[in-house]
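I opened my notebook to record what I looked up in one structure.

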Amino acid sequence: MRLLWKARKLIVVVFIPLSLLPLPLIHPTSEACCAYVLMVTAVYWVSEAVPLGAAALVPAFLYPLFGVLKSSEVAAEYCKDTTLLLMGVICLAASIEKWNLHKRIALRMVMIAGAKPGMLVLGFMCCTVFLSMWLSNTSTTAMVMPIAEAVLQQLICTGLADNHDDSETAEAPEDDSAVSDKEDNLDKNQLELLYHNNSSDCTKQELSTLSEVQTGEVNGLGLRPVCHQGFIRQTNGHLPQVAIEIPNVKRVKARRDSQYPTKRDHMICKCLSLSITYAATIGGLITITGTSTNLIFAEQFNTRYPDAKVINFGTWFIFSFPIAIIMLVLTWLWLHFLFLGCNFRETCSLSKKRKTKREMLSEKRIHEEYAKLGPISYPEVVTGVFFILMTLLWFTREPGFVPGWTSLFEKKGYRTDATVSVLLGFLLFLIPARRPFSSSSSSYRDTVDDSESDPLAPMITWKDFQRLMPWEIVILVGGGYALAAGCKVSGLSVWIGRQLEPMSGLPPWAVTLLACLLVSAVTEFASNPATLTVFLPILSALSETLHINPLHTLIPSTMCVSFGVMLPVGNPPNAIVFSYGHVQISDMVKAGFGVNLIGVAVVMLAITTWGVPLFNLTEFPAWAMARNVTGSL
C-alpha cells in the first residue's frame, strides 16, 4: 500500500489517458478528441502528477496526433503578446530587486506607519500591495517577509529579554494587562528562540510547482541561540542572502510555547505574517501584469474576441483599484478583529505617549535598517524613473476618454502594452549602472562582482533577467491558449454552451456568483493558472449561450481564482508565509475563509455597480454576438 502511495503520480499519468481513451475511439469526432485532450491536461494540472509546465505541453503533441490542430498552429499558441509583456515587466522587476529599491520602499512605508501593532500590519500591507502591483505575488512575499520577520524577532527578543518592562511607555509606566500576561516563568535574561517548520514537505512541493521563485530553503528567519552578536542568513529565492543582526541572548532550554513572551506577541506574529500573503494577493489584482491569471484572462479574451478592444491596462486598473482598496481595508479589519481584538485605540494610536518600550525599540530597528541602505543611489533613481515611465505609457496608450499616444501613429492597432514593456526592458540592458561622467565607484552600490571593473556595466544583465523569468508560467499560459484554440476549432466550446442552456433562466448576477464560488473552491486545491485556464473556455461558452456579456462572468472569475488563501498549498505566497512557523493550518483556514468571503462580496459589488458603465455590461455586445454566430456555423 505504501508503495502504491509513493507511485501515485506515475499511476495517474498512465491510468488517466488510458481510462479516457475510449472517448475518442468510440466517438471519433473533433469535439470528442478535443475533450479528451482537455480532460487529460486538466487532470494533470489539478493533480500535479507532472510539473505544470510539462502538463501544458500535452496539447502540443496530442492535438496533431488526433487531427484537431496542425503542429505549426499549436506551436504558434505558445508565444503570444502577453509573453513579451511579461518579459518586459520581469526586466524592470530584476532591476528593482538588484538595486534594493523594493526594500527602500517597504521600510519607508513601515516607518511612516509606526510600530503600533495595528498600524504596523497596515503599513506592511500597503507596501506589499504596492509592490505586488508590479512584481509577482510570490516574489513580493519573498521580499517583504524577511523585513517583517526582522521586526517580529526584535519584538520577541525585547519581550523575552526584558519582559517586566513590556508595559512601560515613553512618558510614564502604564498597566497593560494584555501585554504583562506571561505564559511561562522563564528568567528575563534567559532566551531561546526555537523554530519549528512542520510544513517543509508541502511547502517545497508547492513552491516547486511554480517557478516564479526558486525558494531553495524558504524556511523562515530562524533565530539560533548565540552568546555574542551573530548573523543569520536567509534565502528567499530571488534576493541575495540578507544578514540580520540578532541581539545578544543566552541559551537555555525552553518549550515551543515559550518562543513568544506572551500570547499577544504570538497573535501579532500571526496577524502580520498572514497580512503579507493576503496583501500580495490583493495587489496582484490591480494591474493586468500583477499576476499570471490576469495575463491568462487578457490573452484568452483578446484571442477569442479580437473585436472587443475593451481590456487594456487602463480599464483594468480603473475597475480593480477600488476593489483592492476596499479589500485592503476590510481584510485589515478582519485580521485585526481575529488576532488583535477590537481595541483599535490601543493598537493604532500614533501618539508617542502611548508607545511601549518594545514598540520604540522596534521603530529604532526599522530606522537602523533603513539607514543601512544609505542615500538613494543612481541605479535606484533610474529604476524609479523607468517604473513611473512604464506606468504612464501604459495608462496613456488608449485611456478611452481622450486620445492616447497611439493616435500619433498613422497605422492603428500595432502598438500594445507589450510594446512599451519590451522597449523599456531592453533599455535596461543598455543603460550603464554608473552615473555618467563620474569616476567614483561610490555613486552606486555594487551588487555584481565585476561592477567596479566595468564602468559601462548595465543596469541588469541577462543572468539577472534569467533568474527571475518564470518560464514555466510562460509555457503554462501557452498551453492554455492551445487548449482554447482547440476548443474553438473543434466546436467543443459551442457544444459545452448548448449543454448549459438550462441555466438560461438565471439572472446574470446569479450566474456570476455561482462561477465565482466555484472557481474560489477549486483554486484552494489546484494552482490558480491551471484552474482559470480550464474554466475560461467553459464560462465564455456559457455567457454566449445565455446572451450575457462575457465580461460579466469572466472578470469576476479571474479575480476570484486568486482567492486560494485558506491552505498553504493554495498558492506559493501562502506556502512561504506558512514556512516561517508563526501560523498553523487552522489559523490560515479561519482567516482565509473570511478573506475569501470578503473578496467574492467585493468583486460582486464591483461588477454590479461601477463595472456596468465601464464595460457596458447591460447589453450583449456585437463582438460577442459575432463570435457566437461564427461559432455556431
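My entries follow, from the whole chain down to single residues.

**Ground rules**

I am working with a predicted model, where local features need pLDDT of at least 70, side-chain atom pairs count only at pLDDT 80 or more, and totals for chains, interfaces and linings use all residues. Residues are numbered from 1 along each chain as its sequence is written, and side-chain values use heavy atoms, with hydrogens and water left out.

**The chain**

I looked up the secondary structure and found 30 helices and two strands. Helices (H or I, at least four residues) and strands (E, at least two) are DSSP runs, numbered from the N terminus. The chain has 633 residues, and 58% of them are buried. Buried means under 20% relative accessible area, exposed means over 50%, and partly exposed lies in between (1.4 Å probe, protein chains only). Then I checked contacts, meaning heavy atoms within 4.5 Å. Of the contacts with a separation of 6 or more, 80% join residues 24 or more positions apart.

**Two helices**

Two packed helices are described by the angle between their axes and the distance between the axes. I looked up α8 (residues 81-98) and α20 (residues 417-428): the angle is about 35°, and the axes are 8 Å apart. Axes are lines fitted to C-alpha atoms, for helices over the stretch in contact, and angles run from 0 to 180 degrees between N-to-C directions. On the α8 side, the contact residues include D81, L84 and L85. On the α20 side, they include D417, A418 and S421. The residues of this contact divide into eight nonpolar, four polar and two charged. Ala, Val, Leu, Ile, Met, Phe, Trp, Tyr, Cys and Pro count as nonpolar, Asp, Glu, Lys and Arg as charged, and the others, Gly among them, as polar.

**The largest pocket**

Next I looked up the largest pocket, which holds about 540 Å³ of space. A pocket is an open set of points on a 1 Å grid over the protein atoms alone, where a 1.4 Å probe fits, with protein on both sides within 12 Å along at least five of seven lines; lining residues have an atom within 4 Å of a point. Grid points are joined across faces, edges and corners, and the volume is the space filled by probe spheres set on the points. I found 24 lining residues, with D81, N302, I311, R397 and T416 nearest the centre. Helices α8, α15 and α20 each supply at least two lining residues. Helix α15 gives the most, with five. The lining divides into ten nonpolar, six polar and eight charged residues.

**Single residues**

Is Q300 buried or exposed? Q300 lies in α15 (residues 292-304). It counts as buried because its relative accessible area is 9%. Leaving out residues up to four places away in sequence, Q300 touches G480, Y481, A484, T533, L536 and P537.

T128 is in α10 (residues 117-132). T128 is buried too, at 0% relative accessibility. Its contacts, with the sequence neighbours up to four places away left out, are T140, V144, I276, A279 and A280.

**Two loops**

Most residues other than glycine have a negative phi. I noted N100, whose phi is positive, near 60°. N100 sits in the loop between α8 and α9 (101-113). H547 also has a positive phi, near 55°. H547 lies in the loop between α25 (528-546) and α26 (550-560). H547 is partly exposed, at 49% relative accessibility.
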